[in-house]
Amino acid sequence: MPAPFILDRSSVTQVMAWVLAALLPGVAVYVWVFGPGILVTLSLATVTALAAEAAMLKARGYPVKPFLTDLSAIVTAWLLALSLPSLAPWWLIITGTVFAIVVAKHLYGGLGQNIFNPAMVGYAVLIVSFPVQMTQWSGPIELTPSSLSFAQSAAVIFGGDFPKAALDAVTMATPLDTLRTGLLQQLTIDEIMPKSIFGQYGGTGFEWLAAAFLVGGLLLWALRIIGWQVPLAFLAGIWLTAGFLHFFDAGRFGAPWFHLFAPSVMLGAFFIATDPVSGATTPRGKLIFGFGAGFLTIIIRTWGGYPDGVAFAILLMNLSVPLIDAWTQPRIYGGSKRNGKDPSA
Amino acid sequence: MSRELFKFKGGVHPPEHKSESNTRPIALAPIPNFLVIPVRQHIGNPAKPLVHVGQSVLKGQMIAAADGYISAAVHAPTSGVISNIDLQPVPHVSGLPDLCITLVTDGLEQWIDHGPIDYQALSPAALRMQLRDMGLAGLGGAVFPSAVKLDPGAAHTCPTLIINGGECEPWITCDEMLMRERADDILQGVAVMRHLLGSTEVLVGIEDNKPEALAAMQAAAAQLDFVVEIVAVPAIYPGGGAKQLIQTLTGHEVPSGKLSTDIGIQVFNVGTAYALARAVHHGEPLISRLVTVTGHVLRPQNLEVLIGTPMHTLITHAGDRDGTTGVLMGGPMMGMPMPDLKVPVVKATNCILVKSSELFPTLPKALPCIRCTRCADVCPAELQPQELFRFAKAGDFGRAQEYHLFDCIECGCCSYVCPSHIPLVDFYRYAKSEIWANEKEKRAADLARERHEFRQFRLEREKKEKAEKLAAKTQAKRAELTTAPAGGAVASEADAKKALIAAALARAQAKKVEATPKNTDSLSAETQREIEEIEARRAKIRELAHQPLETEEKLK
């Protein structure tokens, strides 16, 4: 064995475990705001991801135990589950998770080799293939006439015989959906915003979820699990792009704070865009990557075909990573040039 | 006294483990029954043995002479009889045996005649020659011949002299103990260095986790008639790396692919300064050094050890224990495992670190790289280790070079923090050695091709010259033969032709006689030179094929 003969205590498992731990405040607020249905979704996605991961490792001839215990599959499962509508049917959850693990991760070579964020690939496949099922969100408990217990949520998700009227009483359009629908009906922002689904900064309840993800993200930053570049650039991309449009025409474009305080943005900024495998690696590249994802999110939200654009924005930036990295190679110690090429060349 | 310090990027804080060995004073190691002294202990040409088996030698007697400019002599560390001159296992990464002189010690410690050198009376070049012949080489680990480093070049002086007392590697304390106990000697060596380099500024960088060493050096510096600034630098690995220490103390970076002397800075280890003082003020060649023996031993300590002492002698002296899982030469970050404890202490041996499974647990298996860039965060060369790893693994050495593989100082920070536990440095070493091997092959092929082309050219030229000479001669003959009859009787065309043929035959006859001696006799000066050139090229190819890898690395 060659030098060095000592190691820091860090490990992939430890990194992934901290990511999961940092998601817990978000999960707790999710349950508090929207009811316990998310726990069903999370559990189903976790079990599916582990099964798919184990099967693929076996099929590819890799040792199952060290790779299964790296927890990366569970991180993918949780990120996907937290992105899905809270009352998404079971088959939707399984399809998305299996696609994320099997296609986006293992067919690209497994841990460390995927060029796209697996959870976002799973999400994109679902929203493209099943747009209707992907809108089945339960509303915030404080706004809906009734709410679902854990068992009831499970019944809905697993397609049990659940009365349509009771379901209608708990589902609601998300703030971004509401905004989009309103704008399509030629309403102005001022006419849309007074609706009860909109809260102080973002959506009622949604803004708390966003805050919880922010807290978890800051924890990851404090622990140096993630750097500051990607989240800050992502949030700056959102805020500046939305702010510019809003400044330009406040009647047609939502306020920057509203865009910023969406749970998908905070989840994207701190947990998804920071995925090291599919993200840029150089310091300046990380800034470009994050800002680009934020910018594209607002562009897609405003002019695209879907109410939210975080997933597509991150996937598009994943696609640009090799180019960004090649162009932003930092100056080395004793180097004369700022860019990637050999200074002596 | 406070100097503005600069921060270099990256670095790590591994557990220091200094207190194990720095609480005991320096002790003399026992003289073993025999010493095994490699002739190649420095960067550059191995020394040439001067002794024969059975010869008695005195302590300090030169037993192998420096060979060329970048080389250093080797001396008998004590008195005794030469018993063997053969290949023996040596502490080297390659694991290959090397030529060693084995000395059976007589325990009498009989010195050869020696005395102080009046260094100020000598010309710098003569002094450097003496230092080379006293075997001085850098004791910080690189063992570059000191005489070469003490040459500021024809045109300039070296304004800044930095003495490296950083000692950032965990476990090692030999430099610290040397500073604590022998600060005066170190600074006397520094005075000689300053004299040779013409330096106007002398800085000693010592990590701030060694307060006793700092105090001792400050006290000694106060007695000097020139200014030496003793500077406490932050303890961070690899803060004691030459390039890092230069940046910390001066804010300057050594340009990529250049030497520190190109920016007017030269760096020496404190141990080298001490050895220089012993050489100049006492006439003692480099025959011993301080070695930290630590880790899984009963009495971790620093020993003054004769070069050539087998490592097991020192481990036994420090108290070997059950449960030893291996021995490193050097520290845990950059040291190398010793395949055999018979290997001798050499000039580069600063530490013998005995491992146990408690102190050095087995490293976990590597997982794939997740591109987290922690390696890039800690890389003091400011490289992108994750990319280098990717290219090295894929065998894409060209891209690895484009991404500055050769700026890697192999400090091990990247491997240390890697959450996937990838032995990154190993991949870089592998890529470097592959590139060197390819280069060597290419250079040898280039030389062969060049030689072939030159031969073709030479043959072509000779043929042409011959033809021209012949044509000229024919012309002359023809003219002679045709003018002669014109002056006298009328000769027929046939007669002229006959005469021409006769003349040619006579020439051929003469040539045959001329050619009978060996073709290497009576050569023209030009041909002789040509042959010599070819011989030189051949020798170069042979040398290239046999040169050890690290020579080029350090010279780069």
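Modeller: Let's start with a sheet in chain B: four strands, in the order S2-S8-S7-S4, form an open sheet with antiparallel pairing. Strands and helices here are DSSP runs, numbered from the N terminus (helices are H or I with at least four residues, strands are E with at least two). Two strands pair if DSSP finds at least two bridges between them. Please keep in mind that this is a predicted model, where local features need pLDDT of at least 70, side-chain atom pairs count only at pLDDT 80 or more, and totals for chains, interfaces and linings use all residues. Residues are numbered from 1 along each chain as its sequence is written, while chains are lettered from A and ligands numbered from 1 in the order in which they are written.

Biologist: Which strands stand at the edges of that sheet?

Modeller: The general idea is that strands of a sheet pair through backbone hydrogen bonds, either parallel or antiparallel. In this sheet, strand S2 (34-38) and strand S4 (56-57) of chain B each have a single partner strand, so one side of each is left without a neighbour in the sheet. S2(B) runs antiparallel to strand S8 (residues 98-105) of chain B, joined by 5 bridges. To find that pairing in the view, look for B:Phe34, whose bridge partner in S8(B) is B:Val104.

Biologist: Is S2(B) mostly covered or mostly uncovered?

Modeller: First, the cut-offs: a residue is buried if 20 or more other C-beta atoms lie within 10 Å of its own, exposed if 12 or fewer, and partly exposed in between, with C-beta atoms placed from the backbone. S2(B) is mostly covered, with 4 of its 5 residues buried.

Biologist: Which residues of S12(B) lie on one side, and which on the other?

Modeller: In a regular strand the side chains alternate between the two faces of the sheet. In S12(B), B:Ile265, B:Val267 and B:Asn269 are on one side, B:Gln266 and B:Phe268 are on the other, and all are buried. Strand S12 (residues 265-269) of chain B has 5 of its 5 residues buried, so the strand is largely enclosed by the rest of the structure.

Biologist: In what sense do S9(B) and S12(B) pair?

Modeller: They pair in the parallel sense, over 5 bridges, and B:Leu161 has B:Gln266 in S12(B) as its bridge partner. Strand S9 (residues 160-165) of chain B also pairs with S10(B), in the parallel sense over 6 bridges. There, B:Thr160 stands opposite B:Glu201.

Biologist: What do S10(B), helix H5 and S11(B) make?

Modeller: For a crossover, picture the strands pointing away from you: the crossover is right-handed if the path from the first strand over the helix to the second runs clockwise. S10(B), helix H5 (residues 211-222) of chain B and S11(B) make a right-handed β-α-β unit. S10(B) and strand S11 (residues 228-233) of chain B run parallel and are joined by 6 bridges, with B:Val202 opposite B:Val228. In strand S10 (residues 201-207) of chain B, 6 of the 7 residues are buried, so this strand is largely enclosed by the rest of the structure.

Biologist: Where do the domains of chain A lie?

Modeller: Domain bounds come from an automatic or database domain assignment. For chain A, the assignment gives domain 1 (9-172) and domain 2 (173-329), and their C-alpha centres lie 20 Å apart. Two residues are in contact if their C-beta atoms, placed from the backbone, lie within 7 Å. By that rule, 31 residues of domain 1 of chain A are in contact with 31 residues of domain 2 of chain A. H1(A) gives the most to the side of domain 1 that touches domain 2, with 11 residues.

Biologist: How many residues of chain A are in contact with chain B?

Modeller: 34 residues of chain A are in contact with 44 residues of chain B. On the side of chain A that touches chain B, H1(A) again gives the most, with 3 residues.

Biologist: Which residues have the most contacts inside the largest nonpolar core?

Modeller: In soluble globular proteins, nonpolar side chains tend to be buried together. A nonpolar core is a set of buried Ala, Val, Leu, Ile, Met, Phe, Trp, Tyr and Cys residues joined through C-beta atoms within 7 Å. The largest one has 250 residues, and B:Met217 and B:Ile352 have the most contacts inside it. The largest share of this core, 11 residues, comes from H1(A).
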